[in-house]
Amino acid sequence: MWETTVDGRVLHFRLAGINNQNFIMRDDETGTWWQQVTGLALHGPLKGRQLKAVFHDELSFAIWKREQPQGRVLKPDERIAAQNKYEAADWEMRVGRMRVVEGADVDKRLAPRTLVLGVEVGEKSKAYPLDALQKQSPIVDMVGSVPVMLVSGEDRRSVRAFERTVDGRKLEFFQKTENASASGGLQLIDAETGSTWNFEGKAIAGPLAGRELKKLFVLEDYWFDWRIYHPDTSIYDIGPQ
Amino acid sequence: MPNILTRLSEWTNARRKLVWLMLFVLVVAVVAIVLTPVFLIMPFKAQTPRIMEVSYLMRRWSPLLTIIASLLILTLTIGLWMAGRWWSRIVLAILLLPVLGAAWLARQNHFEWMFNPLPNAAYAKAAEVTFVNNDDRVMAVRIGGESVAYPIRLMGYHHLVGDTVGGVPIVATY
């Protein structure tokens, strides 16, 4: 998701092609080709320019609505909905079985269509297999020298990542076991102060009440695609179970 | 005009052959410049940076080049038509079809036929939504106090949706 203003001019994007199964966008104003996943201009008058990323989450609708009851939601195009052409609820599973085109440079550490949660901090990037987080949440880890935490929501599918430091102090987190009061969502507790935190990374009780963790962008992607754009990525290893 | 026609009727066989050859080369070139990028950047194929650059250049210039080539082809066709018999006129007419097709296709975005844009996106209030299930996933943005959710099942169909959130123009992509 990208801001569309470049040099004070608002660009309007269309799909214009595919580059290794990732879309190319073309802007109407200059005709430049942009790689959708990176926001980088590949060819054309704005070649080399980088769109500014818009921070966003991927959440289940229930969690989003609980957190943002005043928000608005993109509506289906009625013509297309009437023709029943929108993706079915299980389409992600079907895409997961689609074939993958790989160049000579194949990284076999994971199967190509493994769903990973990609996190980038500074120069370092790390891929967390989604099923690792579904087995163990939160994941408390480091990316390079930065302490991070990945959490899955009470639906076991929504994911957020945070820098787990407050005032330069590194915090260890645990999920509260007596959990998810139906309305309030899951709760975490930090070992250092015993404060209670919610899924938005806000401390809602305890000594740190009112503080907020810095959110990190999580890109949910297939391993093969993440690897193309992050060739130096490391992989989180859940270790022996 | 009359003296052009006389000149055309005076074309020698060798000259006529040369014009036919030029015509064929131009027709092939026009079709190639339009169809090559279609094949190079097909989904489910591997692309290299070089392939992307060549495709970009062909897409960038084909609208103009197909017009110039079409005018040249038309000129040659008129010449051969005047000097030709009925069977060569049939061949000339058939050759014009791929040329016109290529000039037209150079102005189309076939990716928007395959992947359906949503130019006039509409929105509903969170509390009034009936078309999204609780466990459907959404891409969620919050800028300047304004919150928007883009259901992934819709984004997986449209892929690009332009919007302004909290006063900031953005494009939601999937």
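Two strands are taken to pair if DSSP finds at least two bridges between them. Strand S18 (residues 187-190) of chain A and strand S19 (residues 196-198) of chain A run antiparallel and are joined by three bridges. The model shown in these views is predicted.

**Figure 1. Strands S17, S18, S19 and S20 of chain A form an open, antiparallel sheet.** The order of the four strands is S17-S18-S19-S20. Strand S17 (173-175) and strand S20 (203-205) of chain A are the edge strands, each pairing on one side only. On average, and with direction ignored, neighbouring strands of this sheet are turned by 40° against each other. Within the sheet, S18 and S19 of chain A share three bridges. A:Leu188 has A:Trp197 of S19(A) opposite.

**Figure 2. Chain B and chain A bury about 5700 Å² between them.** Carbon and sulfur atoms account for 63% of this buried area. In chain B, the residues that lose the most area to chain A are B:Phe44, B:Tyr56 and B:Arg137, which together make up 15% of what that side buries. The contact involves 64 residues of chain B and 57 residues of chain A.

**Figure 3. Salt bridges and polar contacts link chain B to chain A.** In general, side chains of opposite charge can pair when their charged atoms come close. Five salt bridges are counted between chain B and chain A. The side chains of B:Asp163 and A:Arg72 form a salt bridge, with a distance of 3.1 Å from N to O. On the side of chain B that touches chain A, the elements giving two or more residues include helix H3 (49-83), helix H5 (110-114) and helix H6 (152-158) of chain B. Strands S1 (123-125), S2 (137-143), S3 (146-151), S4 (160-165) and S5 (168-173) of chain B are also among them. The residues of this side comprise 41 nonpolar, 11 polar and 12 charged.

**Figure 4. Strand S1 of chain A and strands S5 and S4 of chain B form an open sheet.** The three strands follow the order S1(A)-S5(B)-S4(B), and their pairing is antiparallel. The edge strands, each pairing on one side only, are strand S1 (2-3) of chain A and S4 of chain B. Two bridges connect S1(A) with S5(B) in the antiparallel sense. A:Glu3 has B:Ile170 as its bridge partner in S5(B). S4(B) and S5(B) run antiparallel and are joined by six bridges. B:Thr164 is partnered by B:Pro169 in S5(B). These two strands of chain B form a hairpin with two residues between them, and B:Gly166 in the turn has a positive phi of about 55°.

**Figure 5. Strand S9 of chain A pairs with strand S3 of chain B.** Strand S9 (residues 72-74) of chain A and S3(B) are parallel and pair over two bridges. A:Val73 lies opposite B:Ala149 in S3(B).

**Figure 6. A:Asp28 and A:Arg14 form a salt bridge within chain A.** The distance from N to O between the two side chains is 2.7 Å. The pair links distant parts of the chain, 14 residues apart. A:Asp28 lies in the loop between strand S5 (22-27) and strand S6 (33-35) of chain A, whereas A:Arg14 belongs to strand S4 (residues 13-19) of chain A. Over all chains, the search of the whole structure finds 21 salt bridges.

Figure 7. Most residues other than glycine have a negative phi, and most peptide bonds are trans. The peptide bond from A:Ser137 to A:Pro138 is cis, with omega near 0°. A:Asp7 is not a glycine, yet its phi is positive, at about 50°.

Methods:
Residues numbered from 1 in each chain as written. Chains lettered and ligands numbered in written order. Predicted model: local features only at pLDDT ≥ 70, side-chain atom pairs only at ≥ 80, totals over all residues. Heavy atoms only, no water. Contact = heavy atoms within 4.5 Å. Buried area = accessible area lost by both parts, 1.4 Å probe. Salt bridge = Lys/Arg side-chain N within 4 Å of Asp/Glu carboxyl O. Polar contact = N/O pair within 3.5 Å; in protein donor to acceptor, adjacent residues only side chain to side chain. Nonpolar A, V, L, I, M, F, W, Y, C, P; charged D, E, K, R; others polar. Axes fitted to C-alpha atoms, helices over the stretch in contact; angles between N-to-C directions.
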